[in-house]
Amino acid sequence: MRTPARPPLDGLKKRLDQSRADRARMPRDGFLRETFVLPRSDARLKAKEWFERFPKQAYWTEIESWFERPGDLIEFTIRRLPAAD
């Protein structure tokens, strides 16, 4: 009886390399970040939702950066700590 051949690991190696590269680009400061691109009124609501859900005093929630895009769109990144301590 023959043992089955090993499957090729090229796909797995590629995914691992991509994952490691993605992590290398991300800052290692412990904050979770999420970026949104929304119309101005929706952006305000989303930011308000985050500050209500993750209060600044407990999670250090902060709008890290924001940009006005054409068409009255706002691109912004919100960061927060993963847990309130």
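The following legends describe close-up views of side-chain contacts in a predicted model.

Residues are numbered from 1 along each chain as its sequence is written, and side-chain values use heavy atoms, with hydrogens and water left out. Because the model is predicted, local features need pLDDT of at least 70 and side-chain atom pairs count only at pLDDT 80 or more, whereas totals for chains, interfaces and linings use all residues.

**View A. The aromatic cluster joins Phe36, Trp50, Phe54, Tyr59 and Phe76 through ring pairs.** Rings of Phe, Tyr and Trp (its six-membered ring) pair if their centres lie within 6.5 Å; planes under 30 degrees apart count as stacked, over 60 as edge-to-face and the rest as tilted. Five aromatic pairs are counted by this rule. In the pair of Phe54 and Tyr59, the ring centres are 5.2 Å apart and the planes stand at 80°, so the arrangement is edge-to-face. Phe54 is buried at 9% relative accessibility, and Tyr59 is also buried, at 18% (buried means under 20% relative accessible area, exposed over 50%, partly exposed in between; 1.4 Å probe, protein chains only).

**View B. Arginine side chains lie over the faces of Phe31 and Phe54.** A charge sits over a ring if NZ of Lys or CZ of Arg is within 6 Å of the ring centre and within 35 degrees of the ring normal. Arg79 is placed over Phe31, at 4.0 Å from the ring centre. For Arg80 over Phe54, the corresponding distance is 3.8 Å.

**View C. Glu64 and Arg79 form a salt bridge.** A salt bridge is a side-chain nitrogen of Lys or Arg within 4 Å of a carboxyl oxygen of Asp or Glu; the structure holds eight of them. The closest N and O atoms of Glu64 and Arg79 are 3.5 Å apart. Glu64 belongs to strand S2 and Arg79 to strand S3, so this bridge ties together parts that are 15 residues apart in sequence. Helices (H or I, at least four residues) and strands (E, at least two) are DSSP runs, numbered from the N terminus. Arg79 counts as buried at 18% relative accessibility, whereas Glu64 is partly exposed at 33%. Both residues belong to a salt-bridge network that also links Asp29, Arg33 and Glu62.

**View D. A salt bridge connects Glu68 with Arg40.** The closest N and O atoms of this pair are 3.4 Å apart. Distant parts of the chain are linked here: Glu68 is in strand S2 (residues 62-69) and Arg40 in helix H2 (residues 40-53), 28 residues apart. Glu68 is exposed, with a relative accessible area of 52%, while Arg40 is partly exposed at 26%.

**View E. Within helix H2, Glu49 and Lys46 are three residues apart.** Their side chains meet in a salt bridge with an N to O distance of 3.7 Å.

**View F. Ala83 touches Ala58 and Tyr59.** Contact means heavy atoms within 4.5 Å, and residues up to four places away in sequence are not counted for Ala83. Ala83 is found in the segment after strand S3 (73-80). Its C-alpha is 6.5 Å from that of Tyr59, although Ala83 and Tyr59 are 24 residues apart in sequence. Ala83 is partly exposed, with a relative accessible area of 40%.
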